[in-house]
Amino acid sequence: MKAVVIKEFGTSDGLEVVDLPVPDPAPGQVRITTEAIGVGGVDAVIRRRTLGDLGFAAGHVLGSEVAGRVTAVGEGVDASWLGRRVWAFTGLSGGYAEEAVADVAEVVVLPEGLSPADAVTLGSSGAVAHFALDRARFAPGESVLVRGAAGSIGVTAVQLAARGGASAVAVTTSSPERGVRLRELGATHVLDRAGEGAPDAPTAYDVVIDIVGGAQVPLFLDRLNPNGRFLAVGLVAGPPPADFGARLLAAFRSSLSYATLSLDTVPIAAKQAVRASQFAEAARGELRAVVHEVLPLGGAAEAHRAMDEGRVFGRVVLVP
């Protein structure tokens, strides 16, 4: 089978299409013939080694979510899975391939009317957006700022905050054109990457959902209301400054909080319930999965190049 591996860590040029053996599902697993593969920010973090090597070596197959049909089951897995259209989380590897394996507990049956491309655009990012707002204790009437809103997590977070009754949904993004698209999804104020550029926007927020991280985190901590909550769900620009906590201590009397969220800490049953619900909503047209572009599997390097250059709105999807 064809698969995309990291031949050399660093730039997108280090990705290469190779031939690998078709994987056999282990006990408790299924094998899926992929019809769509999600290209996520975590893939770029692994490729760039933004957070170190994370234990991955050259030859690592990128990709964490796929959609397709179950073509084989491992020991202990009900044969009724065979032939089903599914979305699956493959871990932090194995997705960029014509065939992928996943634990059956991490597989969700797709509803009729939902395309494989939409499924891999929403499957992980939708769950992150949901649980970020949940962990931030977001309540109707509160104001929300989504930092780095043009990616698939941000696109979904904007929709969920808007329909959840936010008094304001501000976004940071890189261009007015993206701002127009985010307004169509529920954003009420469009800011530049530094959080400026909208005189009518709130000066502070009850909740900040941050996908970006990096050197500007302290500036956005300053944009929290008293009792404000800052949720970091991504670090595409790298970790914040080592002393960023000083900003929180300087505002001690405002009772601010900073937290991180990884779906690894959310019980599988809870994640799968949210995914099934969001897939159904998307199939009914109640939640939008924004696909930036669909590329062949061999276009993985171009997909990563587009992410690195900030050209992606929503999610890039690969198809074998």
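A salt bridge here is a side-chain nitrogen of Lys or Arg within 4 Å of a carboxyl oxygen of Asp or Glu. The structure holds 17 of these salt bridges. This is a predicted model, where local features need pLDDT of at least 70, side-chain atom pairs count only at pLDDT 80 or more, and totals for chains, interfaces and linings use all residues. Residues are numbered from 1 along each chain as its sequence is written, and side-chain values use heavy atoms, with hydrogens and water left out.

**View A. Arg223 and Glu196 pair up through a salt bridge.** The N to O distance is 3.9 Å. This pair ties together distant parts of the chain, 27 residues apart: Arg223 sits in the loop between α5 (217–221) and β12 (224–232), and Glu196 in the loop between β10 (189–191) and β11 (205–210). Helices (H or I, at least four residues) and strands (E, at least two) are DSSP runs, numbered from the N terminus. Arg223 is buried at 14% relative accessibility, while Glu196 is partly exposed at 47%. For these labels, buried means under 20% relative accessible area, exposed over 50%, and partly exposed in between (1.4 Å probe, protein chains only).

**View B. Arg305 meets Glu302 in a salt bridge.** Their closest N and O atoms are 2.9 Å apart. Both belong to helix α8 (residues 300–308), and because they are three residues apart there, about one helical turn separates them. Arg305 is partly exposed at 27%, and Glu302 is partly exposed at 28%.

**View C. Glu309 and Arg311 join in a salt bridge.** The distance is 2.7 Å, N to O. Glu309 comes out partly exposed at 48%, as does Arg311 at 37%.

**View D. A network of salt bridges links Asp13, Glu302, Arg305, Glu309 and Arg311.** The Arg305–Glu302 bridge and the Glu309–Arg311 bridge turn up again here.
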